Amino acid sequence: MTALLPSASRPSDRTPAPPHVELAGVTRTFGTTLALAGVDLAVPAGSLTVIVGPSGCGKSTILRMIAGLDAPDSGTLRIAGDDVTARAAGERDVAMVFQDYALFPHMTVEGNISFGLRLQARHHRRSGPGRDEIRARVGEVCALLGLDNLLHRRPAQLSGGQRQRVALARAIVRRPALLLLDEPLSALDPQLRASARAEIRRLHRELGTTLVLVTHDQHEALSMATHLIVMDQGTVAQSGNPGELYRHPCNELVATFLGTPRMNLHDRDGVRIGWRPADGRSATHRDGVPPGAFLVDGVVESCEFTGDGQHARCAGPDGTFVLVQREGESWLEPGDTARVTVPAARLHRFGPDGRRLP
Ligand SMILES: Nc1ncnc2c1ncn2[C@@H]1O[C@H](COP(=O)(O)OP(=O)(O)OP(=O)(O)O)[C@@H](O)[C@H]1O
């Protein structure tokens, strides 16, 4: 497939890509709410960067700032190396897809997708795209997104997933160097979400453009991101490769926000010990405890069947915890005594301030 957009270095490159977007010391207050409390972040060029965090942590505000729809109170924003902090939205090579897709209801799919190009043609008669070019570019993105058979429908005649693809098509037909997606999957039902996630990843690979996506769904974030940024109360808690953040969370917030069921935590000797529910093994009293392994006891309160396994919820002297059991293991039942061991290499330790201990 020929790249529709100027190619950027791929996330699989070994050398770290230069940042496409950089925020330095960005703050933003709304009335008495400090939405962004000094944000420093970098979006690697060509990456699929996902910004994730609890509701209200400032994700959408960051996206709107990158798009030029909001301005920082202080700090700087650079795109492709240029300081664009004071530059208007129209002067940035950026396209944004909104959460509600914001399609024009009275226009057909074709009309919606070609709208920006037709506007360009009208305003820049000499340099803007001609009628044939517009038709060719609309055809190209419709083929890419499987919209060929829907060109003459209006948004009301489309499913949620089809509307989302039209919104994506409308954004990429302009060939922006940077594509911003605000909660793009939130209007879709769970089954469509899985295919839409794959669709966005494919689109990102084929376009080779930098894509920044905002979500509050950690599963979506882990499964889609080539670069992950976890936000907490208006600041960046941690950023990097999703696997790295999952395996080595820098603090308790990142540790418990990423992964389901969430990480179990127990206080022992002034240290908080964390372990992921899938890393524990149910053991009997006759089993030896491997050197350095963590041992936790409890009574099974309830079990939840998940299809390929079960989640056993337990309560014990060290607090409550969840154990993931897979097919083939001997499953615990409510009322059973649970004795769980966790290998030393799978333990996380946090200090009183919540930060990861070495
Ligand atoms: N226009 C506004 N006026 C007043 N407060 C605002 C405005 N926009 C955002 N805020 C506040 O700023 C904070 C950050 O909002 P933002 O929308 O960026 O969070 P978010 O992480 O995207 O949340 P969500 O996941 O719920 O969409 C919130 O406390 C929000 O209430």
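**Ligand shell, domains and local features of the predicted model**

The shell around the ligand is made up of 3 nonpolar, 9 polar and 1 charged residues; here Ala, Val, Leu, Ile, Met, Phe, Trp, Tyr, Cys and Pro count as nonpolar, Asp, Glu, Lys and Arg as charged, and the others, Gly among them, as polar. The structure is a predicted model, in which local features need pLDDT of at least 70 and side-chain atom pairs count only at pLDDT 80 or more, while totals for chains, interfaces and linings use all residues. Residue numbers start from 1 along each chain as its sequence is written.

In total, 13 residues surround the ligand, the closest being Phe30, Ala35, Ser55, Ser60 and Thr61. A residue is near a molecule if its C-beta atom, placed from the backbone, lies within 6 Å of it. Strand 2 (33-44) and helix 1 (59-67) each contribute at least two residues to this shell, and helix 1 gives the largest share, 3 residues. Helices (H or I, at least four residues) and strands (E, at least two) are DSSP runs, numbered from the N terminus.

The protein contains 8 helices and 18 strands. Its C-alpha trace spans about 80 × 45 × 40 Å along the principal axes. An automatic or database assignment is the source of the domain bounds, with domain 1 covering 19-253 and domain 2 covering 271-350. Between the C-alpha centres of domain 1 and domain 2 the distance is 40 Å. Of the 358 residues in the protein, 36% are buried. A residue is buried if 20 or more other C-beta atoms lie within 10 Å of its own, exposed if 12 or fewer, and partly exposed in between, with C-beta atoms placed from the backbone. Among contacts with a separation of 6 or more, 65% join residues 24 or more positions apart; a contact requires C-beta atoms, placed from the backbone, within 7 Å.

Helix 2 (residues 109-123) consists of 15 residues and reaches 22 Å from its first C-alpha to its last, close to the expected 21 Å. The expected span is 1.5 Å times one less than the number of residues. A kink of about 50° in helix 2 is centred on Phe115, the bend being the angle between axes fitted to the seven residues ending at a residue and the seven starting there. The buried residues of helix 2 are Val109, Glu110, Asn112, Ile113, Ser114 and Leu117. Their cover includes helix 3 (131-145) and helix 4 (160-172).

Most residues other than glycine have a negative phi, and most peptide bonds are trans. Arg175, in the loop between helix 4 and strand 7 (178-182), has a positive phi of about 55°. Arg175 counts as partly exposed because it has 18 C-beta neighbours inside 10 Å. Asp269, in the loop between strand 11 and strand 12 (271-275), has a positive phi of about 50°. With 5 other C-beta atoms within 10 Å, Asp269 is therefore exposed. The peptide bond from Thr260 to Pro261 is cis, with omega near -15°. Pro261 lies in the loop between helix 8 (252-257) and strand 11 (264-268).

Gly298 belongs to strand 14 (residues 294-305). Gly298 is buried because 22 other C-beta atoms lie within 10 Å. Leaving aside residues up to four places away in sequence, Gly298 touches Cys314, Ala315, Gly316, Phe321 and Ala338.

Key
Two residues are in contact if their C-beta atoms, placed from the backbone, lie within 7 Å.
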